[in-house]
Amino acid sequence: MSTASPGGADSSDSLGNTPAASLVPAGTRSLPGDDGSVRGEKPLSERRLHPVTPFRRAWAPVTVIAGWAVHDPNQAQEQLTRLTTTALVVGLAVIVPGAALYGFLSWWFTHFAVTDTELRIRTGLLFRRTAHIRLERLQAVDVTQPLLARVAGVAKLKLDVVGADKKDELAYLGEGEARRLRAELLARAAGFAPESAHEVGEAPVRRLLHVPPGVLAVSLVLTGATWGSLLAAVVVPAFLWLLTHSVWTVLATGLPLLGAAGASSVGRFVGEYDWTVGESPDGLRIDHGLLDRTHETVPPGRVQTVRIVEPLLWRRRGWVRVELDVAGSSNSVLVPVAPREVAGTVIAAVLPGVTVPLSLDRPPRRAGWCLPLWWRGYGLAVTDTVFAARHGLLRRSLSLVPHAKAQSVRLTQGPWERLKGLADVHIDTGADKTVTARLRDAAEAAELLQAQADRSRTGRREARPDRWMA
């Protein structure tokens with residue numbers, strides 16, 4: 001394996017990225033007051049969540065009991081058979097008020113406040129926890145509404161923070177309050193003065209794409225994974241029944257397969273229903289969902305890789321699917337289905353200045369000795385802005401990596417590749433993903449290794465700042 005870096009040293013696989021800044025400057029110390037504010041600052045104006053929140057949190061004790069029953073079903077069944085009607089009534093009389101009290105107290109002791117530099121969330125009934133979310137490290141603020149939340153007129157605010165493994169959330173807020181708070185957080189993260197941030201309001205949106213429900217339904221019908229999962233859900237249980245004649249074996253196998261088939265067809269349709277992409281100063285807005293509505297934001301400057309997926313049955317219609325790798329974010333789909341030209345417009349919005357290569361170079365013909373037939377699905381193109389690698393013969397996938405987002409470049413050779421004078425070039429990105437140009441000529445791969453390190457260093461130096469509304 002060979003590795004190249006901007007400094008020219010072959011022993012390092014780094015492309016010179018600097019470590020993330022510390023959340024707290026060195027040598028500083030904050031002394032919190034009784035209200036959660038720092039001494040020397042004006043007292044915070046803390047707010048509570050929506051009054052319906054206790055109903056959501058009251059289910060926690062019930063969930064614990066249900067988890068125990070699932071973990072040890074035999075013991076749970078034995079305990080249930082011993083229960084008398086009187087014991088059951090007494091148990092419900094204790095559990096229901098206890099759950100209601102727990103929900104109310106957990107809501108009562110939860111507060112949040114927005115300061116000049118951070119969002120503070122104080123939670124905990126017995127053990128207090130204070131989350132300090134620095135606004136400068138916000139990379140996405142999403143509003144989600146499960147079905148029951150839509151009925152109640154409330155919403156959940158999810159906060160994507162750089163370096164955090166999971167999203168912090170505020171659940172639940174009134175729908176209008178959630179949108180206003182989201183706009184205020186984004187305005188402050190963009191650098192607006194605290195006294196004027198709440199007056200900025202939500203940034204205007206220009207629609208780029210809307211996927212009609214009919215097109216989405218047809219695309220799912222023309223997807224091989226949909227039919228493959230449905231076929232497995234029918235054939236495998238029937239085959240097991242012929243072998244075992246055991247109802248439990250069929251159910252234990254068939255129900256998960258049926259669930260997977262539903263998730264790949266009906267589940268995707270429900271989740272991607274009414275998919276709309278809009279462009280705003282704070283990033284790309286994505287709204288979707290039939291039952292649970294989700295309002296997501298693709299953070300500016302945080303997209304590491306864009307994949308253009310083209311299933312076999314979509315090619316006659318010219319449809320593609322666009323997926324994303326976003327550093328520190330769960331956003332993974334940008335466009336569920338769209339004509340290639342429309343998808344290119346959306347890609348240009350998320351990666352300014354990037355054009356999708358129209359032609360790619362295949363590996364040399366001797367690559368067929370390493371991977372018969374399937375070698376034809378690989379391709380490579382390097383432009384001034386992106387490293388583009390394609391793989392797949394039936395389901396094509398073209399990955400675009402902006403040069404500024406490459407973290408390291410690696411060259412690898414297996415024994416058969418060395419014999420045939422071939423090599424693979426790997427690009428590692430900030431989203432812990434790797435894009436590979438497979439089965440390239442060994443001399444070409446060695447040149448590409450060093451050239452890509454230089455392009456990545458230059459790309460980072462000329463990249464636009466990763467700032468909101470910048």
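## Chain overview

Of the contacts in the chain between residues at least 6 apart in sequence, 55% join residues at least 24 apart. The model is a predicted one. Its chain holds 13 helices and 20 strands.

Of the 470 residues in the chain, 41% are buried. The chain has an accessible surface of about 25,200 Å², and carbon and sulfur atoms account for 60% of that surface.

## A nonpolar surface patch

A nonpolar patch on the surface is formed by Leu101, Tyr102, Phe104, Trp108, Phe109, Leu125, Leu126 and Phe127. Together these residues have about 860 Å² of accessible area.

Phe127, one of the patch residues, lies in the loop that runs between strand S3 (118–123) and strand S4 (129–134). The relative accessible area of Phe127 is 73%, so Phe127 counts as exposed, the cut-off for that class being over 50%.

## Helix H6 and the residue after it

Helix H6 covers residues 175–189, which is 15 residues. From its first C-alpha to its last, H6 reaches 21 Å, close to the 21 Å expected at 1.5 Å a residue.

The buried residues of H6 include the leucines Leu181, Leu185 and Leu186, and the alanines Ala178, Ala183, Ala187 and Ala189. Arg182, Glu184 and Arg188 are also among the buried residues of this helix. In an α-helix there are 3.6 residues a turn, so residues three or four places apart point the same way. Just after H6 comes Gly191, with a positive phi of about 105°.

Notes. Residues are numbered from 1 along each chain as its sequence is written. This is a predicted model: local features need pLDDT of at least 70, side-chain atom pairs count only at pLDDT 80 or more; totals for chains, interfaces and linings use all residues. Side-chain values use heavy atoms; hydrogens and water are left out. Helices (H or I, at least four residues) and strands (E, at least two) are DSSP runs, numbered from the N terminus. The expected span of a helix is 1.5 Å times one less than its number of residues. Buried means under 20% relative accessible area, exposed over 50%, partly exposed in between (1.4 Å probe, protein chains only). Contact means heavy atoms within 4.5 Å. Accessible areas come from the Shrake-Rupley method with a 1.4 Å probe; for residues, only the protein chains shown count as cover. Patches are made of residues with over 30% relative accessible area and no salt bridge: like charges are joined within 9 Å, nonpolar side chains (Val, Leu, Ile, Met, Phe, Trp, Tyr) within 5 Å. A salt bridge is a side-chain nitrogen of Lys or Arg within 4 Å of a carboxyl oxygen of Asp or Glu.
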